[in-house]
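Welcome! Take a moment to look over the chain below, and then we can walk through some of its features together.

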Amino acid sequence: MRVLIADDDPQILRALRILLTARGYEVHTARTGAEALSLAVEQHPDLVMLDLGMPQLDGIEVIEALRGWSSVPILVVSGRTGSADKVDALDAGADDYVTKPFAADELLARIRALTRRQAAATDEPVVAFGDITVDLAARQVTRRTGDITETVRLTPTEWAIVEVLLRNPRRLVTRQALLTQVWGPQYTSDTGYLRLYLAQLRKKLEPVPSHPRYLLTEPGMGYRFVPDGDGAPGREREWAG
């Protein structure tokens with residue numbers, strides 16, 4: 001398994017290379033964000049580990065660039081401990097976040113969890129509703145109009161919301177559950193923020209965003225994904241927010 005490690009601290013690079021090589025990983029290292037992107041294109045790693053504070057391109061910029069074409073698991077290993085840094089990295093598309101200094105056993109456990117998740121992705125379903133097709137394994141959304149198929153670009157946060165809803169077809173997903181799964185338990189009261197994201201998703205995925213058929217609202221409770229569009233006209237209570 002190939003692991004790309006990007007960090008401008010040579011001691012961290014050396015320590016991680018020794019740790020992972022001893023456990024059978026093939027390790028590639030980069031000292032700058034630009035070098036990390038170049039190696040990702042050349043080597044197609046199975047996992048990317050990166051720091052946030054790197055020259056040329058910082059960690060957030062690297063994550064955003066990678067997510068433009070790759071679903072490779074990304075583990076941030078950073079000395080920044082603030083919640084805002086963690087939220088920014090996860091919103092940009094990182095899969096997990098470990099702060100320095102870290103315990104070797106914990107780091108290895110996070111790596112194993114991410115790589116298991118990636119291996120299981122090959123069994124993920126393809127979900128179709130209306131003109132939209134969502135490939136959960138490829139993390140790709142397409143819309144078919146006649147003979148034309150176009151890609152629908154979702155931000156990492158929009159994708160996280162869609163993924164939770166699509167994995168629970170016809171089930172009520174409460175606002176608190178969505179906020180916890182996408183942003184973390186400290187954001188369970190930010191329901192206005194969630195409404196904005198749902199509005200954006202409906203613009204991208206619904207045939208008539210103001211009258212959604214598939215991404216429905218249960219007022220005061222949460223949201224429901226109805227794959228066959230049962231929530232179309234006549235269920236006005238579910239159209240709000």
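Which residue just after α4 takes a positive phi? That residue is glycine 93, with a phi of about 130°.

Before going further, a word on what you are looking at: this is a predicted model, in which local features need pLDDT of at least 70 and side-chain atom pairs count only at pLDDT 80 or more, while totals for chains, interfaces and linings use all residues. Residues are numbered from 1 along each chain as its sequence is written, and side-chain values use heavy atoms, with hydrogens and water left out.

## The chain as a whole

The protein chain has eight helices and twelve strands. Helices here are DSSP runs of H or I with at least four residues, strands are runs of E with at least two, and both are numbered from the N terminus. Of the 241 residues in the protein chain, 45% are buried; buried means under 20% relative accessible area, exposed means over 50%, and partly exposed is in between, with a 1.4 Å probe and protein chains only. Among the contacts with a separation of 6 or more, 51% join residues 24 or more positions apart, where contact means heavy atoms within 4.5 Å.

## Around glycine 93

Arginine 67 lies in helix α3 and counts as buried, at 19% relative accessibility. Beyond residues up to four places away in sequence, arginine 67 touches Val72, Pro73, Ile74, Ala92, Gly93 and Asp95.

Ala92 belongs to helix α4 (residues 83-92), where Val87, Ala89 and Ala92 are buried. The cover over the buried residues of α4 includes α3, β4 (74-78), β5 (96-99) and α6 (156-166).

## Tyrosine 97 in strand β5

Strand β5 holds tyrosine 97, which is buried with a relative accessible area of 9%. A polar atom of the tyrosine 97 side chain lies 2.7 Å from the backbone oxygen of arginine 80. Setting aside neighbours within four places in sequence, the contacts of tyrosine 97 include Leu52, Leu75, Ala89 and Arg110. Tyrosine 97 and isoleucine 74 are 23 residues apart in sequence, and their C-alpha atoms are 8.7 Å apart in space.

In the loop between β5 and α5 (104-120) you will find proline 101. The peptide bond from lysine 100 to proline 101 is cis, with omega near -10°.

## Two helix pairs

Two packed helices are described by the angle between their axes and the distance between the axes. Axes are lines fitted to C-alpha atoms, for helices over the stretch in contact, and angles run from 0 to 180 degrees between N-to-C directions.

The axes of helix α2 (residues 33-43) and helix α3 (residues 59-67) come within 9 Å and cross at roughly 20°. The two helices are therefore roughly parallel to each other; angles under 35 degrees count as roughly parallel, over 145 as roughly antiparallel, 65 to 115 as roughly perpendicular and the rest as oblique. Gly33, Leu37 and Ala40 of α2 make the contact with Val62, Ala65 and Leu66 of α3.

For α6 and helix α7 (residues 175-182), the axes come within 10 Å and cross at roughly 130°. That makes α6 oblique to α7. Here Thr157, Ala160, Ile161, Val164 and Leu165 in α6 meet Leu178, Gln181 and Val182 in α7.

Histidine 44 sits in the loop between α2 and β3 (47-50), and glutamine 56 is in the loop between β3 and α3.

| Residue | Phi |
|---|---|
| Histidine 44 | near 45° |
| Glutamine 56 | near 70° |

Are these residues buried or exposed? Histidine 44 is partly exposed, with a relative accessible area of 49%, and glutamine 56 is exposed, with a relative accessible area of 62%.

Conventions: Polar contact = N/O pair within 3.5 Å; in protein donor to acceptor, adjacent residues only side chain to side chain.
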